[in-house]
Amino acid sequence: MISAPDYIQLYPTVRCNLSCGFCFNRQLPSMEDMSSEAFEELAGRVQRIGVRTIDILGGEPTLHRDLPGLVENGVQRGLAINISSNGSDTSQLAEIMRRFPGVQVGVSVNDHHTADRLKEFIRNHKPVVKTVLGNRLDGSLIETLLSYR
């Protein structure tokens, strides 16, 4: 019997349109985006060994030219798909959530500007909201996010 992890984290692109101070991927070397064919092969392999979930991270996943196609491929295989995004392309994220209701989308919100920018998306689509908390907890940011319900 093959033993597999429950999930894998996958970076189909390391490109990003922001430069968040907390991001541990800023130091990664530039490389080509993963092709749809390579994703399809990988998804098949991980499915066969028992992986149940693919976490799609980046860079910024919405910059990948075929993110919806990658998601569709994984969903068709019965894999759970999670996407972690900086929320810069909320229209693409909303469309993915509409087309694939079981896909979990998370957005990073680490300052009031981003919270304000994503307010309607958070209220309307209820993504997972992720924030990085350090020694100095910004209680007002947490209260703002909680007010979006």
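**View 1. Asp55 in strand S2.** Asp55 is located in strand S2, residues 53-56 (strands, E, at least two residues, and helices, H or I, at least four, are DSSP runs numbered from the N terminus). The model is predicted, with local features needing pLDDT of at least 70 and side-chain atom pairs pLDDT 80 or more, while totals for chains, interfaces and linings use all residues. Residues are numbered from 1 along each chain as its sequence is written, and side-chain values use heavy atoms, without hydrogens and water. Asp55 is buried but has no salt bridge, the nearest side chain of opposite charge being Lys130, 6.9 Å away. Buried denotes under 20% relative accessible area, exposed over 50%, and partly exposed in between (1.4 Å probe, protein chains only). A salt bridge is a side-chain nitrogen of Lys or Arg within 4 Å of a carboxyl oxygen of Asp or Glu. Lys and Arg count as positive, Asp and Glu as negative; His and the chain ends are not counted.

**View 2. The salt bridge of Arg52 and Asp6.** The side chains of Arg52 and Asp6 form a salt bridge at 2.5 Å, N to O. Arg52 lies in the loop between helix H1 (36-49) and S2, and Asp6 in the segment before strand S1 (7-10), so the pair ties together parts 46 residues apart in sequence. Arg52 is exposed, at 57% relative accessible area, and Asp6 is partly exposed, at 37%.

**View 3. The salt bridge of Glu95 and Arg98.** Between the side chains of Glu95 and Arg98 there is a salt bridge of 2.6 Å, N to O. Both residues lie in helix H3, three residues apart, about one turn of the helix.
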